[in-house]
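Please consult the sequence and structure below while reading.

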Amino acid sequence: MSSAQCFENPPNLNSGIHGAGTVLELGGLKSYLTGSHDSKLALILISDVFGYEAPNLRKLADKVAAAGFLVVVPDLLYGDLFEMDNPQFDRVAWMNAHGPDKACEDTKPLIAALKSKGVRAIGAAGFCWGGMVVLKLAISSDIQAAVILHPGPITVNEINEVKVPIAILGAEIDNHFPPEKLKQVEEMLSVRTEFESFVKLYPGVAHGWTVRYNVDDEAAVKSAEEAHQDMLNWFIKHVK
């Protein structure tokens, strides 16, 4: 994950926007919870490298919670966020410490905690780094449906191992996951008849557009909201 696109336009974590939900510990993870705690349907949103406090991510969690889901945004980075402005920051060491396999395993107690609360179906969405984690969950069958938005460097072999309905939403301008790779993945998934898949390319947007958009840019907001709605529609269809 060395592409600069992954680290562009970091969120303003000092914006004062904290969301309508609450921060609790669930399954050993500090998590932002929003929506009805009595819901039998849950969604887990897994952040990019900038963490679970990002204002746009929390706004999205509140938005999809309004559709009847209990939404959980876990701190799978344990407060150890990617540091854009620190020239001494060791990117390689950071990525080694926050591998998607470990994050997937760390999510499993959270899933168990949700099921112990009476949740019967769980979907998971991930953004860039978080998408790599969600793909691991989609392989493990711990969730009922997955959405990956502007994926990190997921592999063809991993795509072949997916076991649940999956949607992959990609940007036209993306060094990590260019349109030709998205097309390849679409073709691979199209022959997997045991579950439904959905692949969509969004024109004119760059990697990170769904959570790292400028709220004052009307076109950027519109593109992000289109992807948000596609994500929500997927979960409404498959998490029930």
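**Sheet architecture and cysteines**

In this predicted model, eight strands form an open sheet in the order β1-β2-β4-β3-β5-β6-β7-β8, and their pairing is mixed. Strands β1 (22–26) and β8 lie at the edges, each pairing on one side only. On average, neighbouring strands of the sheet are turned by 25° against each other, direction ignored.

**Strand pairing**

- Strands of a sheet pair through backbone hydrogen bonds, in either a parallel or an antiparallel manner.
- Strands β5 (residues 121–127) and β6 (residues 145–149) run parallel and are joined by five bridges; A124 has A146 in β6 as its bridge partner.
- Seven bridges link β7 (residues 166–173) with β8 (residues 197–206), again in the parallel sense; here L169 stands opposite K200 of β8.
- A right-handed β-α-β unit is made by β7, helix α6 (residues 179–190) and β8.

**Helices on the sheet**

- Helix α3 (residues 100–116) lies across β1, β2 (29–34), β3 (41–46), β4 (70–74) and β5, and runs at about 160° to β3.
- Helix α4 (residues 129–140) also packs on the sheet, where it touches β3, β5, β6 and β7; the direction of α4 makes about 145° with that of β5.

**Cysteines**

- The whole structure contains zero disulfides.
- C104 takes part in no disulfide, and the nearest cysteine sulfur, belonging to C128, is 17 Å away.
- C104 counts as buried because its relative accessibility is 5%.
- C128 is likewise buried, with a relative accessible area of 1%.

Conventions
Residues numbered from 1 in each chain as written. Predicted model: local features only at pLDDT ≥ 70, side-chain atom pairs only at ≥ 80, totals over all residues. Heavy atoms only, no water. Pairing = 2+ DSSP bridges. Helix = DSSP H or I, 4+ residues; strand = E, 2+ residues; numbered from the N terminus. Right-handed = clockwise from strand over helix to strand, strands pointing away. Disulfide = S-S within 2.5 Å. Buried < 20%, exposed > 50% of the residue type's maximum accessible area, 1.4 Å probe, protein only. Axes fitted to C-alpha atoms, helices over the stretch in contact; angles between N-to-C directions. Contact = heavy atoms within 4.5 Å.
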